[in-house]
Amino acid sequence: MEVMLENIIKTRCLVYEFLSKSFYLEPKVENFQDSIYELKSFLAFNDTEQPGVDLIRHFIKDLPLYQESDWSALFQEYQRLFVGPESLPAPPWESVYRSRDHIILDEHTLAVREYYRRWGLETKNLYHEPDDHIGLELEFIYTLSQKTLTALTKGNAKQANDLMKAQVAFLQEHMLQWVPLFCERLARGTEHPLYLGSALFTPDFIRMDKDLLDDVLKMWDET
Amino acid sequence: MAKTISRRSFLKWSAAVGGTLAVPGGLNIGLIQAAEATNMQENITIISGAGTNNCGGRCLLKIHVKDNVIIRVSTDDEPDNPEAPQVRACARGRAYRKTLLHPDRLKYPMKRVGKRGEGKFERITWDEATTTIANELKRVKEKYGPASRYAHYATGYSATIQAMNLAKRLLALDGGYLEFRDSYSAACSEVATPYTYGTVVSGNSQDDLQNSKLIILWGFNSAETIFGSQTNYYLRKAKEAGAKIIVVDPRYTDTAVAFADQWIPLRPTTDAALMSAMAYVIITENLHDQTFLDTYCQGFDEAHMPQGVPDGQSYKSYILGIKDGIKKTPEWAEKITGVPTDTIRQLAREYAMIKPAALIQGWGPQRHANGEQFVRAGTVLAALTGNIGNKGGWASGMGIYGRQLIPSVPIPPNPFTGSIPVYLWTDAVVRGTEMGPKDAVKGVDKLPSNIKLIMNLAGNALLNQHADINKTKEILSDESKVEFIVVSDLFMTPSAKYADILLPGDTSWERNNIANPWLQGDYVIYANKIIEAPFECRNEYDWLSEVAAKLGIKDQFTEGRKDMEDWCRWIVEGIQAAQPEFPSYDVFKKRGIYKWTYPETSVAFEKEIKDPANHKFLTPSGKIEIFSKTLYDMNDQGIPAIPQYQEGWEGPLDPLREKYPLQLIGWHHKHRCHSIHDNNPWLEEATQQEMWINHADAEVRGIKNGDKVKVYNDRGTMLIPVKLTARTIPGVVCVPQGAWYTPDENGIEQRGSLNVITNQKATPLAKGNTQHTNLVQVAKA
């Protein structure tokens, strides 16, 4: 298997893991600890002036210097953006953006749940949490991507192909339908480099990613 | 360099770092392997659910659900028939999905950080929450006594299992609490009606409306408020049967639009004056039913007065001005009410002569400084015209009737016997130990302590719905006064901001409950659990059981019933015991509703009128008491023995009008059920939060339609857009109640929350709320 493809998949996994954790997990030291080594790899993403990347690089550089007060401020920002109790500036669930009623737990949530199920996955808190949280959708792409790498390593080209197609489809049918709007709102609602950075970075990245996967698939078809 | 992420830059990056990255493993953030053979529902199931808010309706909702997701909501589609009309949802019922699945739902238990009222919270575990609550209940009880603990009026959901009542149950089992009496809905009606009839059960079943030839809807707006799910149906039927319908209201309400042959506007707070003038016309034109009055009533004339009362105290003497020298003529009333004398005369004559007639009193006009007098005057008019105990008549007053017995979760006897009128709860915080009988404290001579702890479960009357928001804010913010406040709700309401522990409730679709009709209706609804509660939302019964366990009273609190459904079974057993025709639990649960039909309409006081010798009224004299000796013995000018017109304060004759010339009233409108749905923008399309002002009042102030205006008095200021309309009379402005208090940084209300304007002064007898009695000035903003 091409080393280049392997590197692409591993780097994609790095990105999706970072974004998934950033949007979903409480920003505690432990959640960033084990991937500090890997996070430093972001600093090498420097052939771009994309503002989101810039902010993320700043955040990662600052992380080792974080004091208790910085963690506290970060935690409070996470709570304000994703937990409550006040109205969330940018609710992080797909159905809120795609349904006429702008609610959680509607047919769009169900469609995402069915997607996960098709690939043998479900949420930890099934039925007690909307399946279409951005963090979970990003984790889903990560998981398919990781499985793709496993398939390729085992020489299972058909499986890898299916997994890639699934990622493209999910990006197209779900994430690209709402994540840009969500991120736009989030960017307007925060100044913290981690969240503003992720908000600016994510739509750009997933657009690029989907096109990239499309072309990889085309290449495979032709060979 | 590009400001986007180009593929080239990404490939360059992946080539640089890919080799150093570890092989990705499982992430374990939020996704796991799916369980074997997950029971994925292929089909859509339709489950019967309900709205259980404190709404005048109890609508039946058919909820279409697939794999724990609500796809669609429709309403009662059982065949419509006059004996069992459909229980259909209004605009609010249909908007439930949007409110109950709003992304802003409270999701996790929280504790306050920062000062109370600041609105700063931090997530905690449920265990920490219930431990804190149990500890505070204990600490406050030990320090100040059990009566320092108060479960506040909270009707966010009203059903046989209701959070507020569960809190009282817990507190009663834990040594006691300070009880409240009456309601924000109908304090004067509840308290005053029994002085006439000995009971609040003064209503006929609604199908009886079809028998009325004249229906006067006095401050009664069922088309908008939904005063019983089937009321509008029966009004329509009555109209089809040829009844004349008159609406008496300062506003030309939707009810007037839908049903009225005639709209009679009057100035707010003057209802008893209009009624007195009606009585004057009826009496002087000899249209009253003297036989009825002689047979059934005490106090109409001097010949039928109780012992020990000097001359001149009868109702007739009052109306004819024999005692006070003021004849309650239409001319006298016109000056006060603004209603033309001819209109008054015609109204009086029609009510007296068109038989049978129903004078139906709404609850708006009793939320005035002199609310009791309106209530009593209405019942007296019914007596004057003999419209009591007959088909098509209406005894007026509170107007409750009930033909079934539907139990609720019981509240054990309160070890502390004292109670306050609910509207004075902030008084009990500030000066509880000074409160006694003159504050209508009952059951004890005086309160042993101030309120030091409040449980406010599923209600917004801690701040938003209680009067004088600025004053209440100040009281609640003082952490040395109330030391602990626990709030449960679905959203961060203005009341929720004052919590010390803030808990996320579940909705009526996430638990099982049984709902009886709000005021009347011969049906009962099983509100099924449709979906799992999301996040860590939890119903109050669940976590109160946990608190009970920590207080060592779990068995007494739960009686072995582990959840709300267990209590539903118990309630059904109670319904079956009283009404053996009732179906089994499973049948009822599946169908979602049971409708009783009766061959006859139910008429209040039918027996007392048909057979007075064997059926006395439950009054001290056994008669309808136009004159109440009990009230007379109170010896209080403000609490007359017969219904009188009393000016009160901030009425049209108050000299304060020089400073604040306009009367301001609220109303319940389509957009909300009280303050529920205020965060639902879909309903804002149906009706906007705006103030009604008459063209004359607007022009004189240079105000045009849609302008934002400043509305203010000594108690507060609000900004609100206006609608210029002839549907309110000159001198009266109207603001829909229930908007969430939304102050700007200067404390100026931005959303038109009515209670920045209202007064905490209570009515004389019931100590009821006076939230429609306000004088304000209005100016262009």
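This is a predicted model: local features need pLDDT of at least 70, side-chain atom pairs count only at pLDDT 80 or more; totals for chains, interfaces and linings use all residues.
**View 1. Arg569(B) and Glu565(B) sit about one turn apart in helix 20 of chain B.** Arg569(B) is partly exposed at 38% relative accessibility, whereas Cys568(B) is buried at 0%. (Buried is under 20% relative accessible area, exposed is over 50%, and partly exposed is in between, with a 1.4 Å probe and protein chains only.)

**View 2. Helix 20 of chain B lies across strands 18 and 19.** Helix 20 covers residues 564-578 and runs at about 40 degrees to strand 18; axes are lines fitted to C-alpha atoms, for helices over the stretch in contact (heavy atoms within 4.5 Å), and angles run from 0 to 180 degrees between N-to-C directions. The strands belong to an open, antiparallel sheet of 3 with the order 18-19-20. Strands 18 (513-515) and 20 (593-595) are at the edges with a single partner each, so one side of each has no neighbour in the sheet. Strands 18 and 19 are joined by 3 bridges, where pairing takes at least two DSSP bridges. Ala515(B) has Ile525(B) as its bridge partner.

**View 3. Asp54(A) and Arg57(A) form a salt bridge in chain A.** The N to O distance is 2.9 Å. Being 3 residues apart in helix 4 (residues 51-62), the two are separated by about one helical turn. Asp54(A) is partly exposed at 32%, while Arg57(A) is buried at 13%.

**View 4. A salt-bridge network links Glu26(A), Lys28(A), Arg123(B) and Glu536(B).** Over all chains, the structure holds 68 salt bridges. Another one pairs Lys529(B) with Glu532(B), at 3.5 Å between the closest N and O atoms.

For all views, residues are numbered from 1 along each chain as its sequence is written, chains are lettered from A and ligands numbered from 1 in the order in which they are written, and side-chain values use heavy atoms, with hydrogens and water left out.

Notes: Helices (H or I, at least four residues) and strands (E, at least two) are DSSP runs, numbered from the N terminus. A salt bridge is a side-chain nitrogen of Lys or Arg within 4 Å of a carboxyl oxygen of Asp or Glu.
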